[in-house]
Amino acid sequence: MRHSRIRNPRLWLAGIVGAGLALVLAGQSLTQPNNDAPPPKREVGKTSYDQISPVLIGKQTFADMMAKDKAGKAEVMARQKALLEERYDLARKVSKRTKMTRGKPVPVGPTARLPAGVTWQELAKMSPEDIRDKGLFPKGYLPLPHPNHPVGGMVFPQHQIKQFKRLERFDLDFDLPEHFLPEFPPAMFLTTRPDLGDVSQGKVVTIENFQDLFQGILNAKDLEGMRLLVTQFPQQQFNATHDRKTEIASQGVACFDCHVNGHTSSATHLVGDIRPQSHRRRIDTVSLRGVNVQRIFGSQRAMKSVEDFTEFEQLAAYFDGDPLTAIAKGINFLNRSTQVHFMAEVQDLLDFPPAPNLGLDGKLNPKKLSADSPEMRGQALFFGKAKCAMCHPAPYYTDNSMHNLRVERFYKPQRINGMVATAQGPIKTFTLRGIKESPPYLHDGRLLTLEDVVEFFNLILETQLTQAEKRDLVAFLDQL
Ligand code: HEC
Ligand code: HEC
């Protein structure tokens with residue numbers, strides 16, 4: 001029996017393809033999500049081979065898929081817009097004082113809409129169970145679905161697509177307004193040449209200009225690492241097969257399409273390693289600034305080195321954790337002892353933006369700020385009543401660990417536009433250095449401003465900060 005199965009790989013493959021196809025077809029009904037029916041207690045998928053599309057195996061044509069996707073796009077985007085409007089006040093409100101390195105004003109919140117009839121202070125006095133049972137957790141603090149969760153994949157913001165048309169998908173658009181995103185292009189700092197300041201010269205580093213920008217600044221090996229970081233390689237939605245989401249066949253994406261200039265364009269994606277699709281999490285691109293002082297990588301994977309994560313990105317994350325379709329789409333195997341090493345070395349040179357008011361201990365320099373300034377008061381709260389330093393200790397404001405915030409204490413499991421919001425488990429404590437430059441916040445980007453971060457943690461940690469204390473805490477975060 002065992003022998004005949006091994007000798008007949010075609011049957012085996014047909015089984016996988018068949019199961020995948022069944023799921024893909026079943027999945028199509030998910031594009032009209034039913035948010036009313038609560039998810040079953042134990043939701044499991046029919047197969048783990050759910051990335052095989054009907055187009056890839058000739059059951060649908062590219063033209064037919066594209067026509068259907070284009071026809072459905074308006075409805076998909078309207079559904080997501082309605083969700084965002086229900087959750088947040090999306091109007092442009094930005095700081096007059098606080099700017100990112102190259103001058104983009106920092107967005108100001110809180111943006112999350114409060115449920116009718118309660119104030120932030122009243123909510124903070126209630127127990128998590130009470131908030132859950134009365135359905136009073138602000139919707140903006142629930143997990144955020146991908147713009148089209150049942151389909152997923154990499155999505156780039158509009159202002160980036162304006163400059164790089166090749167990053168446009170025909171089936172959907174990025175969903176969050178530009179004023180809640182990092183500046184584009186962002187500044188770029190090297191740990192090895194702090195004397196140079198921003199080395200990007202205001203440009204997006206690409207295959208076309210990296211030689212001009214970095215000759216004589218990086219060594220030859222790191223120049224090659226940089227080349228690989230700006231070179232496009234095939235990916236699930238951006239490739240040359242008929243199962244792609246770009247009108248013209250694509251060479252793929254570059255690491256620095258998402259981690260633009262080593263920071264983030266805020267491109268979004270679904271995490272590769274969870275099934276079924278409804279349980280996968282939206283992931284907001286993290287900044288690579290300061291990876292050299294970090295010890296775990298990825299919000300949920302806790303990989304142990306930048307090298308490991310670099311390999312994992314191209315082998316697994318690019319292809320939604322599916323090695324079968326990856327081969328069809330042109331997976332690029334990097335050589336660990338040369339290419340991966342070179343790429344990791346360059347990432348390890350990416351520094352945080354300067355924080356001129358921090359001393360060697362990573363705390364505010366008391367000679368620069370008076371003891372009764374909002375920033376100093378905020379710092380005292382951060383290390384005291386607000387409990388932030390428990391997980392975000394100075395000088396880098398991360399404990400290099402994972403924590404389970406158990407946000408699900410505050411809400412009942414529910415369906416949201418094709419995503420299931422339920423317990424999410426431990427997540428990496430991200431660093432807070434340079435934090436004002438990387439909205440939106442949390443692994444899925446559900447918190448649009450630092451004011452929302454503070455309201456969120458005030459509920460999660462049950463700290464009961466006053467309105468004045470919350471303002472001081474944000475003033476401190478802006479200094480990091
Ligand atoms: C969708 C655009 C996208 C592309 C393209 C991309 N990344 Fe990422 N990257 C992400 C996201 C999203 C995360 C966060 C992953 C998570 O939450 O688990 C991430 C995380 C990382 C991390 C871990 C950072 C940390 O602080 O934990 C490293 C290192 C990294 N990427 C390197 C790369 C490299 C190298 C490439 C190219 C091979 C690449 N990325 C391509 C989006 C992207
Ligand atoms: C129990 C540990 C813990 C405490 C206490 C804590 N955090 Fe965090 N913090 C985390 C974890 C874990 C994440 C990632 C959560 C996620 O993405 O879902 C995070 C994420 C964040 C982020 C978003 C980072 C990013 O790049 O998106 C900010 C900002 C932040 N915390 C600020 C604070 C502040 C301010 C406080 C105090 C009011 C605080 N944290 C208290 C563990 C903690």
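The report below treats the two ligands in turn.

## Basis of the model

This is a predicted model, in which local features need pLDDT of at least 70 and side-chain atom pairs count only at pLDDT 80 or more, while totals for chains, interfaces and linings use all residues. Residues are numbered from 1 along each chain as its sequence is written, chains are lettered from A and ligands numbered from 1 in the order in which they are written, and side-chain values use heavy atoms, with hydrogens and water left out.

## The iron of ligand 1

His259 (NE2) and Glu313 (OE) coordinate the iron atom of ligand 1 at 2.0 Å (donors are N, O and S atoms within 2.8 Å of the metal, or 3.2 Å for Na, K and Ca; water is not among the atoms, so sites may look incomplete). The arrangement is octahedral because the 6 donor atoms around this iron atom subtend angles of 87 to 180° (six donors count as octahedral if opposite donors are over 155 degrees apart and all others between 65 and 115).

Histidine 259 is buried, at 11% relative accessibility, whereas glutamate 313 is partly exposed, with a relative accessible area of 22% (buried means under 20%, exposed over 50%, partly exposed in between, with a 1.4 Å probe and protein chains only).

## The surroundings of ligand 2

The only protein donor of the iron atom of ligand 2 is His392 (NE2), at 2.1 Å. Around ligand 2 there are 22 residues (each with a heavy atom within 4 Å of it), and the closest are Cys388, Cys391, His392, His443 and Phe457.

Definitions and conventions. Four donors count as tetrahedral if all angles lie between 85 and 135 degrees; four count as square planar and six as octahedral if opposite donors are over 155 degrees apart and all others between 65 and 115; anything else is irregular.
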